[in-house]
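I kept each entry to what I looked up.

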Amino acid sequence: MSIDDDAIREALRQVDDPEAGMNIVDLGLVYGIDVTEAGVRVEMTMTTAACPMTDMIVDQVRDVVTATVPPGTAVNVELVWDPPWTPDRMTGIAREHFGWG
């Protein structure tokens, strides 16, 4: 597979958390990306387990990754809650956006 984790991470920048108004990569919601011959696995979280947008965001992640990889490639999006998300996971871009820079 010629797609690598950097290409997947870049594609995931298209997915915004609508409540935060920021993409999930800069928010630090993407914990890991694993690209293998068997497919792509994205390990991610939400800012809170009670996030009402979880299903929509996961569906968008799956759609964006599926559109990035060759047809027929398996795509698995796994929600994890450990470690819990904290604002420390955000990029500098996100911190500036929220005035925490």
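**Entry 1: helix α2**

The 15 residues of α2 should span 21 Å, and the end C-alpha atoms are 21 Å apart, so the two agree. I took helices (H or I, at least four residues) and strands (E, at least two) as DSSP runs, numbered from the N terminus. The model is predicted: I required pLDDT of at least 70 for local features and 80 or more for side-chain atom pairs, while totals for chains, interfaces and linings use all residues. Residues are numbered from 1 along each chain as its sequence is written, and side-chain values use heavy atoms, with hydrogens and water left out.

I then listed the buried residues of α2 and found T54, I57, V58, V61, V64 and V65. They lie on the same side of α2, because they cover an arc of only 130° around the axis. The arc is that of the directions from the helix axis to the C-beta atoms. For accessibility I used a 1.4 Å probe and protein chains only: buried means under 20% relative accessible area, exposed over 50%, and partly exposed in between.

The face of α2 turned away from the buried side carries the exposed residues D55, D63 and A67. I also asked which elements the buried residues of α2 pack against. They are α1, β1, β4 and β5, with contact taken as heavy atoms within 4.5 Å.

**Entry 2: helix α1**

I repeated the search for α1, where the buried residues are I8, A11 and L12. Their arc is only 100° around the axis, so they share the same side of α1. The elements that cover these buried residues include β3, β4 and α2.

At the N-terminal end of α1, I noted a cap by D4, with a side-chain oxygen 3.2 Å from the backbone nitrogen of D6. A polar contact here is a pair of N or O atoms within 3.5 Å; within protein, one must be able to donate a hydrogen and the other to accept it, and residues adjacent in sequence count only if both atoms are side-chain atoms.

**Entry 3: the largest nonpolar core**

I defined a nonpolar core as a set of buried Ala, Val, Leu, Ile, Met, Phe, Trp, Tyr and Cys residues joined through side-chain atoms within 4.5 Å. Which of the 30 residues in the largest core touch the most other members? They are I8, L12, I24, V42, V61 and V65. The elements that give two or more residues to this core are α1, β3, β4, α2 and β5. The largest share, five residues, comes from α2.

I looked at L12 in helix α1. L12 is buried, with a relative accessible area of 0%. Not counting residues up to four places away in sequence, L12 touches I24, V25, V30, I33, V42, V61, V64 and V65. With the same exclusion, the contacts of I24 include L12, V15, L29, M44, I57 and V61.

**Entry 4: salt bridges**

I counted a salt bridge where a side-chain nitrogen of Lys or Arg lies within 4 Å of a carboxyl oxygen of Asp or Glu. The count comes to five salt bridges.

One of them joins D26 and R13, with the closest N and O atoms 2.8 Å apart. This pair links distant parts of the chain, 13 residues apart: D26 is in the loop between β2 (22-23) and β3 (30-36), and R13 is in the loop between α1 (5-12) and β1 (16-17). Residues up to four places away in sequence aside, D26 touches R13, M90, T91, I93 and A94. E10, R13 and D26 are linked in a network of salt bridges.

A further bridge joins E78 and R41, with the closest N and O atoms 2.9 Å apart. E78 lies in strand β5 (residues 74-79) and R41 in strand β4 (residues 39-44), 37 residues apart. E78 is partly exposed at 31%, and R41 is partly exposed at 29%.

Within helix α2 (residues 54-68), I returned to R62 and D59, which are three residues apart and so separated by about one helical turn. Their closest N and O atoms are 3.4 Å apart in a salt bridge. R62 is partly exposed at 31%, and D59 is partly exposed at 40%.

Conventions
Expected span 1.5 Å × (residues − 1).
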